[in-house]
Amino acid sequence: MYLDELEEGNSAYIVSLDVHSELERRLLDIGFVEGTKVTCLYRSYFHDPIAYLVKGAVIALRVCDAKRIMVRP
Amino acid sequence: MKYCFKQGFQKKYPQERVIALAGNPNVGKSTIFNELTGLKQHTGNWTGKTVDNAYGYYGYCDKNYKVYDLPGTYSLISHSKEEEHARDFICLEHYDVMVVVCDALCLERNLNLVLQILEITNNVIVCVNLLDEAQKKGIQIDLKKLEKILGIPVIGTCARNKIGINELVQMIEQYQSQEAFHVSYDDFLEEKIKEVEAVLKKTLPENLNTRFFALRFIEQDQKMLQRLEETTNFELQKYPELIQLGKKVHTELKEHGYYLLKHQIVKTIYQKSEEICSQVVTNQKQRQISKFERLFQKKWFGIPMMLLLLFLIFWITMVGANIPSELLFQFFAWLGDWLRYLLEMFRVPTYFCNLLLDGAYQTVTWVIAVMLPPMAIFFPLFTILEDFGLLPRIAFQLDKQFAKCHACGKQALTMCMGFGCNAVGVTGTRIIDSKRERLLAMITNNFVPCNGRFPTMIAIITMFFIGFSSGIQNTFLSALILTGIILFGIAMTFLVSYILSKTVLKGVPSAFVLELPPFRKPQIGKVIVHSIFHRTLFVLGRAISVALPAGILIFLLANTNINGSDLLMICADFLDPFARMIGLDGVILLSFFLGFPANEIVMPIMLMIYLSKTTMVEMNDLLRVKEILLNNGWTLITAICTILFSLLHFPCSTTCLTIKKETKSWKWMFFTIVLTTSIAVIVCFLVSHIFTFFLSVS
């Protein structure tokens with residue numbers, strides 16, 4: 001399952017990142033590391049981007065990027 | 001005791017120590033910096049306010065301290081421009097103590113940076129800020145234990161309430177370098193690090209940390225190695241064996257199953273952070289979502305709420321500014337009469353008297369009367385929303401639209417800064433990672449009216465659209481019109497971004513990662529004092545310093561006769577046929593050109609030129625100003641076109657130079673000028689012709 005499919009209010013754990021290296025590094029920096037718990041908080045008015053809770057901070061990601069982050073419940 | 005010195009103060013004591021404040025974005029580095037140095041760095045509740053290394057000084061116990069406020073960074077392997085500044089400083093510059101400021105609310109992620117910095121230097125003090133907020137959310141942090149684990153001094157602060165600052169100053173004073181905690185990787189990787197380090201020890205400049213760069217060599221982090229060569233006299237080409245070794249080790253590690261070396265390094269550091277956190281943070285329950293945050297979960301809330309807020313801010317600004325503005329006009333008119341009387345009493349020549357009063361005085365007082373009241377209301381309101389944490393939410397809500405235009409949602413943040421000053425907005429685009437998207441944000445920043453144009457628009461709206469009775473309907477209507485104009489500017493931003501990204505600046509949108517900070521209760525008292533005394537008066541002072549010489553110069557030009565006509569009228573007459581085509585007149589267009597140094601002076605210049613050809617009229621309120629304008633052939637269409645031209649035309653000189661500085665090219669500066677002006681001309685042409693057509697039909 002991918003991160004963008006996560007329902008609001010639900011949590012999952014990061015499995016892998018399949019993104020280009022720039023974004024990969026940034027995601028790693030802010031805590032999207034394998035095994036980290038991610039909670040989907042809410043979507044924006046136009047449904048994209050989506051706000052996630054990661055390691056105590058709220059991070060917004062675009063759907064197209066979230067699509068490439070594999071998670072497990 | 002603590003002593004504060006102003007910036008520019010160099011040496012009071014012979015000894016100087018350099019300290020730097022580093023940390024994740026939005027943890028309060030600038031707040032601590034301001035407390036330490038007594039300076040007024042811009043602070044606010046969002047990521048990326050500080051885009052440049054600022055520095056200041058303070059003195060304590062016979063020593064001089066130079067403090068650097070670095071832009072926030074998540075890690076040392078950074079992408080965006082402002083983070084690079086911080087990274088270069090941390091990795092390559094000399095400093096005595098690095099104070100790493102951490103957010104108590106998400107200590108784990110912050111420790112990640114601490115551990116990375118500890119790979120470079122032992123001279124670190126950890127400052128856990130926002131302890132009060134954490135306590136409110138039930139998070140307890142055992143600072144003593146953290147100190148023990150890390151082997152470096154740790155201090156807790158609540159910088160916004162000035163708690164812990166004196167202790168921090170003492171701690172920096174007493175600081176002595178000691179052996180600190182280091183992350184160790186698995187045996188195989190450690191072995192390889194040692195191997196590269198051994199070579200680096202012989203080749204790398206002395207002050208640089210070999211272990212950190214050994215890791216970068218192993219990672220084959222080309223960007224960092226390139227920066228190393230750029231900033232130091234180290235030349236990699238001279239050491240082919242080093243390049244070879246780096247590549248060799250990199251492939252060796254791959255063969256041993258280290259496919260995702262980056263991940264493994266980051267993961268190791270995170271695991272350590274997690275481990276440390278689990279020992280020092282108690283009651284580590286999840287961040288509770290505040291009631292405001294919950295509001296955002298409702299679908300209908302986002303965009304309508306923003307529009308309503310925008311409208312409300314304008315409404316409050318206009319209602320509040322109306323009467324003080326009138327009073328200021330009256331006061332300055334009275335003072336002007338009095339001054340004239342005084343000058344005449346001292347038998348000052350009439351020409352000189354007119355130069356001072358009709359030239360300099362008139363321009364300066366206009367700028368004050370029109371600008372001061374709206375700014376004194378708008379800035380505090382805006383800063384309160386900024387402190388509250390709303391700005392990144394605006395970017396969050398609008399990102400989808402920006403993405404459609406192949407731009408970045410963070411552009412919304414730079415647009416918000418543009419309300420204050422477009423030059424600041426242009427510098428602020430450094431928070432955008434992609435160069436292409438940065439350019440888009442820079443070129444279109446001008447479509448947000450800055451404080452120089454914004455009060456002029458309010459004045460014109462007041463004069464031409466709603467009359468002067470300040471009934472509730474009228475004020476609502478004027479705020480609606482202003483909101484409409486701003487929305488039009490935003491629509492133009494989208495349109496131009498879209499067209500540019502399909503033509504000149506082709507490309508796909510890059511990734512967008514934005515941190516939404518927790519909502520914080522704004523410190524209303526402090527915000528009002530700060531934004532009035534430091535922001536409003538500063539901006540006003542800058543406007544006056546341009547208005548004064550401009551007023552004198554324009555007066556001289558307007559009253560210098562060549563063949564019976566003054567120089568300005570000749571220029572205005574020359575521009576007139578073209579200006580008429582776009583719904584303006586020669587004088588208005590000329591004023592916009594002359595207002596290039598600062599947009600604030602466009603209106604007073606215009607009035608001065610108008611007045612130079614008619615008999616003198618006292619400008620004691622806006623009603624009189626309207627009279628002057630009407631006498632010179634202004635209509636509703638002229639008013640609309642002037643507002644639109646003001647919104648869309650070329651940026652002021654400061655903004656232009658900032659664009660040149662940020663892009664390092666004259667090309668983009670001229671491109672921006674030509675593009676924005678063409679758009680202004682086209683829009684004004686269309687609007688004036690469509691309106692004239694409808695008026696002639698009806």
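This is a predicted model: local features need pLDDT of at least 70, side-chain atom pairs count only at pLDDT 80 or more; totals for chains, interfaces and linings use all residues.

**Briefing: a sheet across two chains**

- Strand 2 and strand 3 of chain A run antiparallel and are joined by five bridges.
- Arg43(A) has Ile50(A), in strand 3 of chain A, as its bridge partner.
- In general, the strands of a sheet pair through backbone hydrogen bonds, in either a parallel or an antiparallel manner.

**Pairing between the chains**

- Strand 4 of chain A pairs with strand 10 (residues 513-516) of chain B in the antiparallel sense, over four bridges.
- Opposite Leu61(A) stands Val513(B), a residue of strand 10 of chain B.

**The contact between chains A and B**

- Chain A contributes 30 residues to the contact and chain B contributes 31 residues.
- On the side of chain A that touches chain B, at least two residues each come from helix 1 (21-29), strand 2 (37-43), strand 3 (50-54) and strand 4 (57-61) of chain A.
- Helix 1 of chain A gives the most to this side, with seven residues.
- The residues on the side of chain A that touches chain B comprise 17 nonpolar, three polar and 10 charged.

**Helix 10 of chain B**

- Helix 10 (residues 240-255) of chain B has 16 residues and spans 23 Å from its first C-alpha to its last, close to the 22 Å expected at 1.5 Å a residue.
- Its buried residues are Leu245(B), Gly246(B) and Val249(B).
- Viewed down the axis of helix 10 of chain B, these buried residues fall within an arc of 100°, so they line one face of the helix.
- An α-helix has 3.6 residues a turn, so residues three or four places apart point the same way.
- The buried residues of helix 10 of chain B pack against helix 7 (187-203) and helix 8 (210-219) of chain B.
- Exposed residues on the other side of helix 10 of chain B are Pro240(B), Gln244(B), Lys247(B), Thr251(B), Lys254(B) and Glu255(B).
- Gly257(B), which follows helix 10 of chain B, has a positive phi, near 90°.

Technical notes: Residues are numbered from 1 along each chain as its sequence is written. Chains are lettered from A and ligands numbered from 1 in the order in which they are written. Two residues are in contact if their C-beta atoms, placed from the backbone, lie within 7 Å. Ala, Val, Leu, Ile, Met, Phe, Trp, Tyr, Cys and Pro count as nonpolar, Asp, Glu, Lys and Arg as charged, and the others, Gly among them, as polar. Two strands pair if DSSP finds at least two bridges between them. The expected span of a helix is 1.5 Å times one less than its number of residues. A residue is buried if 20 or more other C-beta atoms lie within 10 Å of its own, exposed if 12 or fewer, and partly exposed in between; C-beta atoms are placed from the backbone. The arc is that of the directions from the helix axis to the C-beta atoms.
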